[in-house]
Amino acid sequence: MNSELSSLQVQDIGEQGLLERLQRFCPPEIIGDDAAVLVTAPEHSLVVTTDVLVDGVHFSNVTTSPEDAGWRAAAANLSDLAAMGASPLGITVGLGLPGEVRVSWVEQLYQGMTECLQKYNTSIVGGDIVRSPVITLAITAFGQVNPSQIIRRCAAVVGDAIVVTGVHGASHAGLELLLHPELGQNLNNEEKTALIRAHQRPQPRLDVLPILWKILASPCPMPIAGMDSSDGLADAIIQICRASGVGAVLERRQISFPAAFDHWLTPEQALKYTLYGGEDFELVLCLPQEPALALVQHLGKRAAIVGKITPGSIVLFHDEQKKFPDQVLNLSQGFQHFKSYEL
């Protein structure tokens, strides 16, 4: 890209000029009218979710390239669909921009969104662009789900196993390395790259759903509780328990940490990152023991049973090896939107 094109600003080409450039990221047969028309399968329910991301709060040029910011924005919405048991149909993008933003930055943002969506046969099907003093990205994602397969937070029952996909804490660790590179002196390049990539290119766990439905058989014979762990593992379990009117016990020995934590963080830091770090976009599911074991067996190292649902309302962290004291988990240590955290 020559210097003249790379320095072109949004205000130089205006709304219509920018829209013409961005339309290439959308299916030509869907865009162009006042609204998109999405076809859903018969006897399916429409699932809709919206996320808003703000420059300096959710991304910055220190921690994310425009492509990575686009990927993360798309992944966050696809993860919300996965948390409901839904398959994606498309997204719309609301974009607020200062006029001084380079056109190339916006195109790279859309390229990152497109790269993420293409993995799941999903497209950008519309949106809006407005002038704004700060870059703001509002994405609405549409999905469909068989009503018998809807995953809800309120469906956990006493005796359910708590299944968690992937590992937790990696995204937060990657963010810390981006903000404070000196912290990673004990890590090799491969470990650093893996943690940073976990933050910049999270993978929504839509891949888990077909395996889950195969194990349970369709239509699903039992309600499944769950959500994604975008605000942290502890947050997800607490939210499910509150919505379901139950408690839980989380077992330390069953929780997987990123391997790099062993020679980088203290045990206390590793535990805090894992429980409260957030933005790992994994799934937390509550289901009966037998299908839970089958799901973990199918997913291998990509999942684990980390605890069980109990009577009452307390969510307890327990370490049978007594390296950590028992503690009641709470929401105050996780990400809080109105607490200061500079990117």
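## A look around the model

Gln185 counts as exposed, because its relative accessibility is 67%; here exposed means over 50% relative accessible area, buried means under 20%, and partly exposed is in between (1.4 Å probe, protein chains only). You'll find Gln185 in the loop between helix H5 (170–179) and H6. Although Gln185 and Trp264 are 79 residues apart in sequence, their C-alphas are 8.3 Å apart in space.

A quick word on ground rules: this is a predicted model, where local features need pLDDT of at least 70 and side-chain atom pairs count only at pLDDT 80 or more, while totals for chains, interfaces and linings use all residues. Residues are numbered from 1 along each chain as its sequence is written, and side-chain values use heavy atoms, with hydrogens and water left out. Helices (H or I, at least four residues) and strands (E, at least two) are DSSP runs, numbered from the N terminus.

**Two buried residues**

With 13% relative accessibility, Arg201 counts as buried. Its side chain makes a polar contact with the side chain of Glu115 at 3.0 Å. (A polar contact is a pair of N or O atoms within 3.5 Å; within protein, one must be able to donate a hydrogen and the other to accept it, and residues adjacent in sequence count only if both atoms are side-chain atoms.) Setting aside neighbours within four places in sequence, Arg201 is in contact (heavy atoms within 4.5 Å) with Glu67, Asp68, Trp71 and Glu115.

Thr165, in strand S6 (residues 161–165), is buried too, at 1% relative accessibility. The Thr165 side chain makes a polar contact with the side chain of Glu282 at 2.5 Å and reaches the backbone nitrogen of Leu283 at 2.9 Å. Not counting residues up to four places away in sequence, Thr165 touches several residues, among them Arg205, Val208 and Arg302.

**Helix H3**

H3 (residues 66–83) has 18 residues and reaches 26 Å from its first C-alpha to its last, close to the 26 Å expected at 1.5 Å a residue; that expected span is 1.5 Å times one less than the number of residues. Of those 18 residues, 17 are buried, so H3 is largely enclosed by the rest of the structure. Just after H3, Gly85 takes a positive phi of about 85 degrees.

**The empty spaces**

Rolling a probe the size of a water molecule over the atoms shows where empty space is left. On a 1 Å grid over the protein atoms alone, a cavity is a set of points where a 1.4 Å probe fits but cannot get out, and a pocket is an open set with protein on both sides within 12 Å along at least five of seven lines; lining residues have an atom within 4 Å of a point. Grid points are joined across faces, edges and corners, and a volume is the space filled by probe spheres set on the points.

The structure holds 1 cavity of 30 Å³ or more.

| Space | Volume | Lining |
|---|---|---|
| Largest cavity | about 80 Å³ | 14 residues |
| Second largest pocket | about 530 Å³ | 21 residues |

Strand S10 (residues 303–310) gives the largest share of the cavity lining, 3 residues, while H6 gives the most to the pocket lining, with 4 residues. Glu282, the partner of Thr165, is one of the residues nearest the pocket's centre.
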